[in-house]
Amino acid sequence: MSWRIALLFFALGILTRIPFQTEHLWAHDSVLYERAIERFDPLEQRPQAPGYLYYVLLIRALDALVGDANRAMTLVALVSGAAAALLLYLLAARLYDERTGRISALFLLSAVTFWAYGGVAYPYTLLAALSVGCTLLFWRATVAARGRSAGLVLASAAWGLAIGFRSDLAIFLAPLWLIAAWRTGIAASALAATVTVGLVGVWYTASALAGGGFDRFAEALRIQARFIDERYSVFGSHGPRALVGNLYELARFLGRGLYFLAPLVAAVPLSAAARRIELADRRRALFMAAWTAAPLAIYVPVHVGEYGYVFSIVPPLTVVAARGAVAVARGLRMPRTLPLIVGAVVLANSAIFLLSDTPLSASDVLRRDHGVAERIAYLQREPDLARATIIAAYDAEVAQRYAPADHVVLGYDPANPGFEFVHGSAACAPGIGAREGCSRSAVIAIWDDLIRVAGGGWETVVMPHGAKLRIARDVTGVRVRVDGLEVTLER
């Protein structure tokens, strides 16, 4: 294990992400984080509960330096992604050997969605870095010959602080704390637990005070929990049927996070020789299994709503994939093929990001980022377009954030029941929006690329980087039906 190699991976993580830094807020939650920089209030979705207070304080400090909330968030994403690769190298080298550490870091850096999220205003590469960093400390405490008690207290303190950035780590890393504490004395374990609980208490208290008080913060948590239960969780109205949707989303997010790593992950359990090697150290095998599987306790029964959520699982899977590459080379009885196997997978995943047009590829990231400014610029070309009613679903907050004030923005959640309205000419005022007949021109523009349109009179305009606007003119008095991701005009 070499710090020079670790720093090389950090530098590689920075250099490979700089060309893909985005200029506009990425999605709904990015806008909420920007609002939280101005005023932290989870009850008002500044940002959504539990608020991630330490992350908000970090981007607030960076925003004060750079004067741009999006740049503050992309800087955190950039540095966190590079730090995750550095830490994963150190962790995998300690878990196994130097070779596994290097391969794991290369696999993480070339993972498609992880690469993409290193340049957007989202906190999920930070989730990966915190997860890997705490896991490294827990493993050191687990195997320490000396100073195990001090190591556990240090790891517990890091865990307690990390929860202030990403509260889901409280659950994801709990099994690792138990493994590390198992062979530590009761007194040291109790002290470590007290440190963690104390730091979580500091975060909770600070979040409540910053968000308007304990009652207000608790209400924000209740509302967010109820929202997730009603939409996604097996504990809500969907019951066991929610498992199907959650498993599908989990498979989709992991599939695009792994691509060519997936066969190497599968090689470990499928190879008898690889299984024997991995199970030879049962403590390490248990540790890896706990690190990998713990997030599933939330993602499967409750919610897995974003590609970035699985960055709690992708790092341990890259370690498993590294072991799979070693197993394949060993199984071929051609050890010298290992660099070829690793190189082929790294190049294949890199090609998907750099050359394909799949979701979260480089072209997709640029299309989405440039599409914000290009859509707005197009809508300013003519007076009626400059006052068009914009209909947006998943990107409603982004459209609202960047659209000039002359536009009426109708945002909606596709998961809600459908609705309809007549595009009228009433004056816009508080309580009178597009659904109540408010408009400033006889034009409707569809913002999200994912929304489908039906009915007559639609014009599709493709922006220079590939984003689309669907425009319908002369729609005053026309009934508009919105159902999921379909907008229909009934002329």
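## A covered helix, and on from there

Guide: Helix 18 is mostly covered, with 15 of its 18 residues buried. This is a predicted model, so read every value here as computed from the prediction. Helix 18 takes in residues 314-331. From first C-alpha to last, helix 18 reaches 25 Å. That is close to the 26 Å expected at 1.5 Å a residue. Just after helix 18 comes Arg333, with a positive phi of about 60°.

Helix 1 covers residues 3-17 and has 15 residues. Its first and last C-alpha atoms are 21 Å apart, close to the 21 Å expected at 1.5 Å a residue. The buried residues of helix 1 are Ile5, Ala6, Phe9, Gly13, Ile14 and Arg17. What do these buried residues of helix 1 pack against? Their partners are helix 4 (69-95), helix 5 and helix 6 (112-116).

Two of those partners lead on to helix pairs. Two packed helices are described by the angle between their axes and the distance between the axes. Take helix 4 and helix 7 (residues 124-143). Their axes come within 8 Å and cross at roughly 25°. An angle under 35 degrees counts as roughly parallel, so helix 4 and helix 7 are roughly parallel to each other. Helix 4 passes helix 7 in a left-handed crossing. On the helix 4 side, the contact uses Val76, Ala77, Ser80, Gly81, Ala84, Leu87, Leu88, Leu90, Leu91, Arg94 and Leu95. Facing them in helix 7 are Thr125, Leu126, Ala128, Ala129, Val132, Gly133, Thr135, Leu136, Trp139 and Arg140. By type, the residues of this contact are 14 nonpolar, 5 polar and 2 charged.

Next, helix 5 (residues 98-110) with helix 19 (residues 338-355). Here the axes come within 9 Å and cross at roughly 15°. Helix 5 and helix 19 are therefore roughly parallel to each other. The crossing of helix 5 past helix 19 is left-handed. Helix 5 brings Arg99, Ile103, Leu106, Phe107 and Ser110 to the contact. Helix 19 brings Leu338, Val342, Val345, Val346, Asn349 and Ser350. The contact residues divide into 7 nonpolar, 3 polar and 1 charged.

Leave the helices for a loop. Helix 2 (28-38) and helix 3 (53-66) have a loop between them, and Pro47 is found there. Where are the cis bonds? Another is the peptide bond from Ala49 to Pro50, with omega near 10°. Pro50 also has its place in the loop between helix 2 and helix 3.

That loop holds some positive phi values too. Gln45 is found in it, and its phi is near 60°, a positive value in a residue other than glycine. Tyr52 is found in the loop as well. Its phi is positive at about 50°, although Tyr52 is not a glycine. Buried or partly exposed? Gln45 has a relative accessible area of 30%, so it is partly exposed. Tyr52 has a relative accessible area of 11%, so it is buried.

Finish with two threonines. Thr184 sits in the loop between helix 10 (174-182) and helix 11 (186-210). Its relative accessible area is 10%, so Thr184 is buried. Which residues does Thr184 contact, leaving aside neighbours within four places in sequence? They are Arg148, Ser149, Leu152 and Ser189. Ala280 is 96 residues from Thr184 in sequence, and 23 Å from Thr184 in space, C-alpha to C-alpha.

Thr488 is in strand 9 (residues 486-490). Its relative accessibility is 18%, so Thr488 counts as buried; the cut-off is under 20%. Not counting residues up to four places away in sequence, Thr488 touches Ala454, Gly455, Arg479, Val480 and Arg481.

How values were computed. Residues are numbered from 1 along each chain as its sequence is written. This is a predicted model: local features need pLDDT of at least 70, side-chain atom pairs count only at pLDDT 80 or more; totals for chains, interfaces and linings use all residues. Side-chain values use heavy atoms; hydrogens and water are left out. Helices (H or I, at least four residues) and strands (E, at least two) are DSSP runs, numbered from the N terminus. The expected span of a helix is 1.5 Å times one less than its number of residues. Buried means under 20% relative accessible area, exposed over 50%, partly exposed in between (1.4 Å probe, protein chains only). Axes are lines fitted to C-alpha atoms, for helices over the stretch in contact, and angles run from 0 to 180 degrees between N-to-C directions. Angles under 35 degrees count as roughly parallel, over 145 as roughly antiparallel, 65 to 115 as roughly perpendicular and the rest as oblique. A crossing is left-handed if the near helix is turned anticlockwise from the far one by less than a right angle, and right-handed if clockwise. Contact means heavy atoms within 4.5 Å. Ala, Val, Leu, Ile, Met, Phe, Trp, Tyr, Cys and Pro count as nonpolar, Asp, Glu, Lys and Arg as charged, and the others, Gly among them, as polar.
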